[in-house]
Structures are given as structure tokens and as C-alpha cells.
Amino acid sequence: MWNLRKEAFMENVGNWLTNAQVSVSSGTSGNSDIPNYEHLALVSGGLDYYGDAGMAPSQPGNEDLGWEKTWTSNLALHLGFWNRLNVDLELYNKRTTDMLMQVPQSYAYKGYGYYWENIGAMVNRGVELNLSGTVLATKDFVWSLNANFSYNKNKIVELYNGVQEYEMSSTSMKLVVGHDSGEFYVNRFAGVNPANGDALWYTKDGEITTEMRDEDKVLVGKSMNAPWAGGFGTNLSWKGISLTAQFSWVADRWMMNNDRYFDESNGRYSAYNQSRKLLDRWKKPGDITDIPRHGVYTEFDDRLLEDASFLRLKNLMLSYSFPQELLRKTRFISGLRIYAQAQNLLTFTSFSGLDPEGVGNMYQAQYPMSRQFTFGLDLTF
Amino acid sequence: MLRNIKSFFAAILLMTATSSCLDILPESSIREEEAMQTFDDAEQLLTGIYSGLMSSFLFSGTLTIMPDIQADLAYAVENFTNVYGPAWFWNILSTDQDVESVYAGLYAIISRCNFFLERVDQVKQQETDVDNIDALDVYTGEVYTIRALCYSKLIECFCKAYDPDTAENELGVVLRSKYSEPEPMKRASLKASYQFVIDDLNRAEKLLDSDDDHYNSLYVTAAAAQALHARVALYMQDWQTAVDYASEVIDNDAFQLADANIAYTSEDTYLTYMWNYDSSFEIIWILGYTTTSYGGALGQVFLNTNRDYSYTYPDYVPAQWVLDLYDDSDQRYDAYFYEYTTGYANGLTWPLLVKYFGNQNLIASAKMYMYSMPKLFRLSEQYLIRAEAYCNLPSPNFSAASKDLTTLRQKRYSGGAGAITVGSNNWKETVSNERVRELYMEGFRLNDLKRWGMGFERKPQSCSLTEGSSIKIEANDPRFVWPIPRHELDSPGADIAPNESNN
């Protein structure tokens, strides 16, 4: 780390720059997060047939299993201005090699289907920026702001045994060297034929077809891993009253909405409640719509792949601390604060499921982050 | 005093530390090379194989039910939950998880068998007790039979029907006979695959002792190996062998057909008792369930009674043409079907499959509805095998075939009616219909259609799901053969060829 502020040539710089540090680091670290016994070829008990205890081979083992290595290089800049504004900028490049991966193996070999190996490589490259500052500070009034954002790019550099790609069954995803590890691999919907209401798809080469075929799936450049994420917030306080708000956001994150496969089945699940959107389906020649005629069912294609980016007011709090002079008179209570807090109050998103916040490639109806209201009274004796 | 307390705590710390960090093996596991050294070890590994056979992906679930759902026997209803959906719609993809589970499940059992077979000779050499040495031979015979059964099921699902003229050039399955040693990870020919099964059965039959044969056996017996041999010979169009092996089982005093005309209890005939209590003189090999150790629920998709324990919510209901196949005096109809008004809003009322309503003892003691113990081999199938083989001999013996079909039907019809004669013009239809009536939802139909080169057509019936209800499947459609799971094609170190249905 290099503290520029202490260098001779910085002495003439005015008071506006209160902190200036540059740090560079590079090094390797291991991830020993290996399940404890995966290297062993084992036979395990716990099986039972009609009251008799049994055992069976349970894992193939791999005596060569070791740590995975991550080589991280960092360049960070910490700047402070007027004692009011702090800027932290960090660039990083993480290259993970000898990754611990479950490599697919023919079930016919020993019946397992997968084994652990140190194999493959992945790179995460990105930048993180943190800003925090005080806009106004007087005796009674303080207003501060903070913001952070991060960008991360994930790329598979190498898979196992020279394999260039591996499609993961029933996930609509595929691992391909040179691509993001969470990228979706689906058929592309091309709209509805106005003449007869048929669903249309693009072939791999971009031509129009009426048939959805496995071989026309493509990597669509949309990933379940959000490259962009961040948050910002503010704090206002005047005398004992303080108002805090904290937002968080995620951009360019995608998810398959599994529920719509059922809700918008367009006839496949006729006994289930269906989405109102289906009222706009194709009905007569000439109709321009993106929902095919009744009976042409919705499939797992990029129609169900939705932008799950969001902006959410995670926390909003208003509080009042009673003045010390008042409390001192009680000779009993040394602190008294009342507050009202709301969590997950507002969410802005174009995602049609109940909650865009979450991880994973597939969204299925689940309880969303609940909106919580808290009213409190803090007493200190 | 304080010093003592300190050292006491130190000792406790040390003890917990050693027990957590220095465990070189996880609980209840041992190293592979130490796993099978004694007679007791061999017994435990054999039990592990039987335990694996109970998997709900195999005989107590997917492997038994899905092929029959794919065939012409049942209809998905409007409210079905998409269970076995791709099979019903005939669009099984190579990434289908049910298909992958069946494939993986069978090879998992085969691997357990190979592990046992690789080591059993060493155990035998060290064993000094004569009875134990004999028992080890029997166990080895059981394992060979189980391996043959799993390979035969893989071939049924993932290969074309056997034709003696072309089998050498058709794809079979990857044949693994070892656990530890590498072998080429490539599909053998269909002929070599079936030969592997026959070789295993020949070994098993030498090792197993017919004196141990008994009805309702929870374990492999010599009769079970013969029953499988008869079935495989039939599929290989080796008619005389099929007749010979089926005859061995049929002539065996240990077994007799369950008679629908004789009461076993005040409530059950021998026929209904077999399905209500999973016990019968007719059962050659059954997988045993207890309230603490069981596999899948074969009746699940036909009843789903556990949704509210008041109504039924079937995913699949019997096809009308199947229901129509049963004569009025055929007692199997009441044993297999019962008309329910389902819990669905559309009020669907239909005869549902109650063959798998569940073992009454398991229901009474643990409320385990729809758990029927998988009956891997029944004597009735042997009669059907022999009848079909008789009709296909170079000089067909239709009178013997008629006699076998009549014998079976007389046990099923009230008053012992049901006599039937077959000839060159109707044997196929008669055998086909009788197999549907007798073996409904026991996992035979898809393979039967495939080996007979028969297609079919579904026409919508009451409250049936629109998609899939009007499907027409031509004979020899490549989708009769399931696709090889994508996982197998993508795995490094293996050179496994796809099927036509992979595309």
C-alpha cells in the first residue's frame, strides 16, 4: 500500500484531498472447502432390506483430490476529499484453477454418474466502487449519502478432459468454455404466424420454423449470475429525529419463470387457473399477437426467460431519540428511543413472478421476501 | 483445585478435538478395500443389492409404470400433474430425468453386483464353515440373477426388439462385468448383450438350489432365475427355450395360480388376497416392504389418495378399451378396478386402478396407502410366455397354447369358465389381450408392442387431457426405444452411441 498523502510532492496539494492510498496485491489462496471424505472410495451402511442391515459402495473416491487455487490480483484506490467524501475503487481479477468439480462419468462405469476432480478453470473479473459522503453537517442537522456498485464478469476458461461444453439436463443451461457459467441455453421464440396462429421459433441459424427442436437451442447471452449489483442509501438527522433509507439493486440478471409454464399453458393445463394474458391469444387470421392460438402450448423457451433485475427499498427507518436533558431528570432511564421501520417496502421490477430477489436459474412460486413493519421502543437503564 | 478443573477442561477439549478432527472415515462407512472380507460382509453387501432394487425409480415406480403409461393402456386426465408427462406425450428428450434415473438406477445395481462378484471368491477361500461356503454359492447365484435382470431391463428400455437375423448389427448396452477394472465403455451388440444375460443366468442356475424354491420368496430362487430365463428367451424369439424354462416353473410344485373362485379369508379370494396382502402361491419373487423399509408407491399416479385422504386424484385412468376387454365373469376386473368419483372439480367418475391400492397390513399399521410390494415374477406370466412360445414354434402347438391360456383364465373367471382356443389366425390378438388383462400396469406393454411390431392410436375419452389423447403411433416408431441419456453421451472417457430417439 502506498500512502500518497505522506509523500513530499503532495504537501502542496490543498486541503481538499484528505486521503489518497493506492494498494496493489496479488497472491494465491487455496480453497480447502472439499467435503471431508470425498477422496476416499467407500462402502457405506445404513441400507435395509426386510429387517436386515445392508451396505453398498457409496462413492468412487479420488486419492489425487486437492485444494482448488485462486490467484487474486487487486488494484485498489482509496481517496478522501474534504473529510467529507470517501471513494473506494477496487479492480480485481480472480483466476480459479484446479476447481473442485463433480465431473460427469458414465453411469455404466461404476453406477455413480459423477466423481470429484480438480479440473477446469474459471475467471472472475470485476470492479467495486464505494462512495460515502456527508453532504451537510451542522450542529443539529446531518445529511449523508452512500452508494456502492459492483460489476463482475464470470467466464469458464476450461472444463474437464478437453470438453468444450456440457448441457445440464432440465436446467435450460449449458456450460461452455468462454461463456458465463450461468448462461441460459434455450430455443428462441419468434412470435406467432398471423395467418394461422402457429407458434414460431428461430432455428440455430436464425431462420423461422414451426417446430421446436433440441438442436435449435442457443446460448442467449443471458445469465442467472447478475454482472451488475449495488445499493445506495441516505441518512438524514435533525436533532433527535433520524430518517434512514437503504436501497439495493441488481441488473441484467435472468431467470426462467417456471410458473408461467403452467399459468400460461394455453391449453395444456386446462383444468388449472390460467393467466389473463391468454385472452389476447390469436383468434382469427390477421390477428397480430405474441400468444399462439389455443392448443399450441407454451414451452420452455426464451418466452419464460425473464429479466429479474430489480430495485428495492430494503429498509426505511424513522426514529426519535429523546434528549438527554429530559431523561436525566428521571434519574432512572438513561436512553429512550422510539422508531418505526419498514423492510422491503417498495420493489421496482419487470419480473412477473412474486419476487425477483433470489438465486438460481428457475423461479417457482415461493413465499416472497415479506414486507415487514416494526415499531419499537428502546429503553436503556 | 483450580488446576484440576483446568486440566479437566483441557482433557474434555482434547477428547472432543480428537473425535472431530481425527475421524479418518465418515460414520457408518468403511474403505472399499476392507468392505468385503468375511461371510458377514458378503451378506451385508447382498442385502445392499436387494435394498437397491426397491428404488422408486425401478421396480416400485418409474421402470414399471412409465412404459405402460407411454403405451396405450391409460389416459392422462385434465388435472394431471405432468408426472411421466413426456412419456405420455411421446416426446421424451435425451435430457429426461425419469429416463436418466432408470438408466442410472439399473447401472447402480449392476455395479453393486459387480463389486460383490469381484470379491466373493476371496471370501470363500478364507471361509472354513462348510454351510457358509454353500451359502456363498447360493448368494453368488442370486447376484448373477439380479445382474441379469437389470441388464435385461436396460435392453428392454434402450434397445430395439430382438430379431435373431439382425441382432448382431443392432446396438445393445454397455456391458460391465467388473467393478474396479476398466472395460471398454462402448455399447455391445444387441446379440452380445442378450448373450451376457443368458450367460449370467446359466451361472446362476448352476449355483442356486431348487430345493430352496418356495412361493412368495423375498429373495432370488432357482425358480426366479428360470422364470427370467423363460422371459428373456421369449424376447429373443428362442421359442423352444422359452417353452422349456417356463415349463420348469409351471411344473414346480412350489407354485400355483391364485384361484379367484376360492375364498382365502372371509373377505378375500386367493386372487384378491395376492393384491391386498402381497402374498400368494403364485408369486415367485416379490420385493418385501416393511413399515420402516420400503420403496416407491406403485399406486401413486392412479390414486393420489394422500392429497387429502378423502378423495382420489388420479393422474392417469385406465383406457376404456382396456376396461372393455374384461368379460363380465372375469374376476380380475373387480380385483384391479373400482369406480370412484374423483376429487376433481370436473367430477370425473371412472373405474380407477386399485391393483396397487396398497398392502392392507401396511395401511393398517402405518397408513401407507398405495404401497404395493413389487411382484417381479408371477406364475401367470409363465403361462402366458409358454402359450405365446407354443404359437411361434416352427410347428406351432396351438392346442398346448390354448390349454395354457385356458388354465390361467379358469383361475380368473367365476365358476371356472374362461376356456379359450387359439389358432394361427387369432393367437397374437388373444395373447396380446390376455397379457393386457393379466399384466396391466406391471411394465410389459410397451415392450410387447415393440417386439410384436404393433402401433396404436389413442382417441379422447371422458375428461382426458387434450394433448396426447389423439396420438397415432406407427409400428416400429423409433420412440419405442428410449433415448440414451444425454449425460452418457457427454461423459468423458466413454464412447456411447445414441439411439434414433436421441434426435
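The second largest cavity has a volume of about 100 Å³, where a cavity is a set of points on a 1 Å grid over the protein atoms alone at which a 1.4 Å probe fits but cannot get out, and lining residues have an atom within 4 Å of a point. Grid points are joined across faces, edges and corners, and a volume is the space filled by probe spheres set on the points. The lining of the second largest cavity includes L63(B), P67(B), K153(B), E156(B), F480(B) and W482(B), and helix 3, helix 6 and helix 18 of chain B each give two or more residues to this lining. Helices (H or I, at least four residues) and strands (E, at least two) are DSSP runs, numbered from the N terminus.

This is a predicted model, in which local features need pLDDT of at least 70, side-chain atom pairs count only at pLDDT 80 or more, and totals for chains, interfaces and linings use all residues. Residues are numbered from 1 along each chain as its sequence is written, chains are lettered from A and ligands numbered from 1 in the order in which they are written, and side-chain values use heavy atoms, with hydrogens and water left out.

The structure holds four cavities of 30 Å³ or more. Of the 19 residues that line the largest cavity, T64(B), K375(B), L376(B), E442(B) and F444(B) lie nearest its centre, and strand 9 of chain B gives the most to that lining, with four residues.

A pocket, by contrast, is an open set with protein on both sides within 12 Å along at least five of seven lines. Among the 26 residues lining the second largest pocket, K160(B), A161(B), E170(B), V481(B) and E500(B) are the closest to its centre, while helix 18 (residues 445-452) of chain B supplies the largest share of the lining, three residues.

In the table, Ala, Val, Leu, Ile, Met, Phe, Trp, Tyr, Cys and Pro count as nonpolar, Asp, Glu, Lys and Arg as charged, and the others, Gly among them, as polar.

| Space | Volume | Lining residues by class |
|---|---|---|
| Second largest pocket | about 430 Å³ | 11 nonpolar, seven polar, eight charged |
| Largest cavity | about 240 Å³ | 12 nonpolar, one polar, six charged |
| Second largest cavity | about 100 Å³ | six nonpolar, two polar, three charged |
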